[in-house]
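Student: I would like to learn how to read features off a model. Can we go through it together, one feature at a time?

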Amino acid sequence: KKFINIFFSLIFLALSLLFFFYGYPHEDAYILFNYSQNFSKYNSIIYDLSSGRTEGATDFLWMIILGLLKKVNIPIYLSSLLINSISFFLIIKYFEKLIPNINTVQYLIFTLILFFSGGVASSLVGFSTLFFTFLLIASLHYLINFNFLLFSLFSITFCLTRPEGITFIFSFFLISNIINLKDKIIQKKINLSFILIFIICSIYMIFRLV
């Protein structure tokens, strides 16, 4: 299983480097890269100097991470490809954690499905798809294992990456409360985690609005 993960992760990394030298970011990814470029220069969320501060950077944390890496002279497109390459490896690794009894054939099938998915294609042209998917799987893993600190941290990161993340987290909240209906201690910890996530995400939304 380890060989399968490393093998396909290296192939994805090789494709990423190929796209970096011969490809280009597409559509909304290009727009967000422009936001990241300006964030690295001016420490502000702006598309161009003439427009001033403008909304349009949907993948907020993705923009910030790429902008910060640009400050240390790592090209934005290359940063996105490298982060997605690491995320590809981690998705497969955390999938095995979620299903510890998965056999090698099933593991290979999942890896192939992931490798030939639209998420991989969109990540190669600059989108945060694999990074976002990794955060989702990691959040679910830590919730199932009742590690509420890491669940909260990954969930917050997940929601700050893309705003629709909150819909997934809210679904986790409802399902986990139903499953642990008779365990009041676990329910209390779940609710405290979701309150923390909700507060931080609300502060983020207010920040974006003002």
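Student: Is C159 buried or exposed?

Tutor: Start with the general idea. Buried means under 20% relative accessible area, exposed means over 50%, and partly exposed lies in between, using a 1.4 Å probe and protein chains only. C159 has 3% relative accessibility, so C159 counts as buried. Keep in mind that this is a predicted model, where local features need pLDDT of at least 70, side-chain atom pairs count only at pLDDT 80 or more, and totals for chains, interfaces and linings use all residues. Residues are numbered from 1 along each chain as its sequence is written, and side-chain values use heavy atoms, with hydrogens and water left out.

Student: Which cysteine sulfur is closest to that of C159?

Tutor: The one in C201, at 4.0 Å. A disulfide is a pair of cysteine sulfur atoms within 2.5 Å. The sulfur of C159 is therefore too far from that of C201 for a bond. Seen from C201, the closest cysteine sulfur is in C159, at 4.0 Å. C201 is also buried, with a relative accessible area of 10%.

Student: Where is S9, and which residues does S9 contact beyond its sequence neighbours?

Tutor: First, helices are DSSP runs of H or I with at least four residues, strands are runs of E with at least two, and both are numbered from the N terminus. S9 sits in helix α1 (residues 2–22). Contact means heavy atoms within 4.5 Å. Leaving aside neighbours within four places in sequence, S9 is in contact with F88 and F89. The relative accessibility of S9 is 9%, so S9 counts as buried.

Student: What does S193 touch?

Tutor: S193 touches F148, F151 and S152, not counting residues up to four places away in sequence. S193 belongs to helix α10 (residues 184–209). S193 is buried, at 5% relative accessible area.

Student: And L112: where is L112 found?

Tutor: In helix α5 (residues 104–115). L112 has a relative accessible area of 31%, so L112 is partly exposed. For a distance across the fold, take S80: 32 residues separate L112 and S80 along the chain, and their C-alpha atoms are 22 Å apart.

Student: At what angle do α7 and α9 pack?

Tutor: Axes are lines fitted to C-alpha atoms, for helices over the stretch in contact, and angles run from 0 to 180 degrees between N-to-C directions. Helix α7 (residues 129–144) and helix α9 (residues 165–179) pack at about 15 degrees, with axes 12 Å apart. That makes α7 roughly parallel to α9. Angles under 35 degrees count as roughly parallel, over 145 as roughly antiparallel, 65 to 115 as roughly perpendicular, and the rest as oblique. The crossing of α7 and α9 is right-handed. The near helix is turned clockwise from the far one by less than a right angle in a right-handed crossing, and anticlockwise in a left-handed one.

Student: Which residues make that contact?

Tutor: From α7, F132, L136, L140 and L143; from α9, G165, F168, F172 and S176. They divide into six nonpolar, two polar and no charged. Ala, Val, Leu, Ile, Met, Phe, Trp, Tyr, Cys and Pro count as nonpolar, Asp, Glu, Lys and Arg as charged, and the others, Gly among them, as polar.

Student: How do α3 and α4 cross?

Tutor: The axes of helix α3 (residues 60–71) and helix α4 (residues 76–98) come within 9 Å and cross at roughly 120 degrees. α3 and α4 are therefore oblique to each other. The crossing is right-handed. W62, I65, L66, L69 and K70 of α3 meet I76, S79, S80, I83 and N84 of α4. The residues of this contact divide into six nonpolar, three polar and one charged.
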